[in-house]
Amino acid sequence: MKRRPSYSGREWEIFEGHMDEIRQETDRLFVWLFCFQWFTVILISVILTPYTWVGSESSVHPHVYLSVFFGGFLSIFPIIKLLRDPGKSENGYIVCVSQIIYTILLIHITGGRVESHFHVFGSLTFLGCYRNKKIIYLGTAIIVADHILRGLFLPMSIYGVPESSLWRALEHTGWILFLDIFLLMAIRNQTHLILHIAQRENALERSVANTEKMVKERTIELVETRKTILDQQQKLLKAERLSSLGQMAAEIAHEINNPMGIIATSSYLMRAKIEDGEASKEELLDSLSDIDATVGRVSNIIRGLKNVSRNAADESVRAVPMKEIINDVVSISADKFKAHSIAFTYVDKSHEVYCRRVQISQVLLNLVTNAYDAVKDFQGDRWIRIEIKQDPKWTHILVSNSGPAIPEDTKVRIFQPFFTTKEIGKGTGLGLSLSQSIVENHGGVIELKDNVAFTQFDVRLPKFAA
Amino acid sequence: MNTQLKLLIFFWFLIVIFGTGSMFLYSLTPGKSSALERAPGSTKLLENTGNPTLLLFIHPQCSCSKATLKELVKLLEERGPLEVKIIFINPSNVENFLDGEIWNQAIRIPDVDVLVDTNHVEAKLFKVKTSGHAILFDESGKRVFSGGLTASRGHEGTSSGSEFIRSWLQNRSEKTFISKIFGCSFFKEE
């Protein structure tokens, strides 16, 4: 035996929602139908029975009044109700009563034309639009009651014969029931269909809810993973920075040692000349100028070192003049460039770039240090160049050097973590890899250019902050 | 649904019932009629043809009588020997009173005499007062039937009157029958 499916509360809720839409739609249909029917019965009565006569004197036919007032009454109350409370369950019953009485009115004013009896079939079919069996039962009950009661008490008004005829009433009822069978079957099928749709929608809703929940969970996981990756990246960055600083320490100590030697020598000479009483004012001032200049150089080196080695984890994106970033890097590296006769040029047009200053300084220091390593022992022209260019979307920081060409197999691995061509202990292999992460976190791109005659890295940063 | 709305719907329903009842009441209210036992001697409408005669008095503007003429056509489909005369009343004080759909409808009925009764002369002789009044006389001039051919005002369909005439023409029983007439009045109430 086939079991009827059971439906959940939510499925009934969705079903009721669809039924409410159907009721509202049908209410709107009947508003127009009542307007049309009212107009039509008035038109028919005016055409067919405009006047009633007594001899040669005429007056407006009662059918015209009937159509205007009774037809209006049958139309206006349901129209107001349907417009005021669309979709209410009682509307269908009011419409049903009105519609069946309209059939009686139409048959009456058309003088009982057989064709106007078809109105009742049309009306029942229209009422079927409510998809409510009870409305069809009510409509049928009114029609049957009308036929039986008038058939018994006013047979002339309905069958045109003075004798009451139950058989005739049953015959008319039979035709109505014949139509009802199809209407009720259609209503049952459509109700099942709507219930089925409600089931599907409920399943879909649950599926969407599950997916949304899953997406939320995955998003949280992703956020946590990203946070972990960023933390790891920061740690790596720090490690790389410390490593780089470690490597630089010796060079920087040397860089600082030289000026310190100059300062020490100058102060020794000044002291000796003062003790010997040979010191002229001009000589002392010259020595002091040398000391000042040398202290300035040391300060620059220390400031650059400080800017580059700062902990940049919480640094925010802001507009930074490129010149300041370049100065940080150059201040650290200027002396070693000089020591190896490396020509350093910087082409700038006072550009600003939206970035985290320390992070981009570290990227640039990385590239410049790599460039320095590449050219310091090169037997040809030794130069390093930083060039800033802008297009409508990007700011390009181009770091070029005259060093030997990078082999093809190195090019493809150059940004891989822990890949290095330097001697053991000189490089971690994380410099370019971390530089790439930093640039990508800025929404930019770092790449090794292929289409130039020398080695060139292009750091592309968005021109405007996201 | 609140009580106020329920009451409103209830009153609306009562008025619908009342309106429908009034409609039926109007529909079933017959016109005035009287029935002579024999044809008046002074009438020019009955000729001694040896056949029964059916006289049908019509108001040319009465829209209810359209249904009467349609019922007459159905009745005549199997009439046998029967003289049929449609008499249109025609007051002399109104121009073009006969023009209209009903006149055209009548003159298209085959084997029927369509006559005009100016100033209601014949109508008064036969004491008919309502449009659609049919009177059937047998060969001897005895009135067999007097009444309307429709069951209600302007309503097509079988009626007791047309059923009786049909039956009488077939069986020639001794019975006579009087039915109600639905149509416009020929005269103003005195």
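Buried area is the accessible area, taken with a 1.4 Å probe, that two parts lose on being put together, summed over both. The structure is a predicted model, in which local features need pLDDT of at least 70 and side-chain atom pairs count only at pLDDT 80 or more, while totals for chains, interfaces and linings use all residues. Residues are numbered from 1 along each chain as its sequence is written, chains are lettered from A and ligands numbered from 1 in the order in which they are written, and side-chain values use heavy atoms, with hydrogens and water left out.

**Exercise 1. Describe the interface of chain A and chain B.**

Step 1. The area buried between chain A and chain B is about 3200 Å², and carbon and sulfur atoms give 70% of that area.

Step 2. On the side of chain A that touches chain B, at least two residues each come from strand 1 (51-54), helix 2 (62-84), helix 3 (91-109), helix 5 (133-153) and helix 6 (155-158) of chain A; helices (H or I, at least four residues) and strands (E, at least two) are DSSP runs, numbered from the N terminus. Helix 2 of chain A gives the largest share, nine residues.

Step 3. In contact terms (heavy atoms within 4.5 Å), 41 residues of chain A meet 38 residues of chain B.

Step 4. Between chain A and chain B the count of salt bridges is zero, a salt bridge being a side-chain nitrogen of Lys or Arg within 4 Å of a carboxyl oxygen of Asp or Glu.

**Exercise 2. Judge the confidence of the model.**

Step 1. The predictor's confidence in each residue, pLDDT, runs from 0 to 100; chain A averages 84, with 89% of the residues scoring at least 70, and chain B has a mean of 86, with 98% of its residues at 70 or more.

Step 2. Within chain A, confidence is lowest in helix 6, at a mean of 67, and highest in helix 1, at 93. Where pLDDT is low, the predicted coordinates should not be read in detail.

Step 3. For the complex, the predictor gives an ipTM of 0.80 and a pTM of 0.59.
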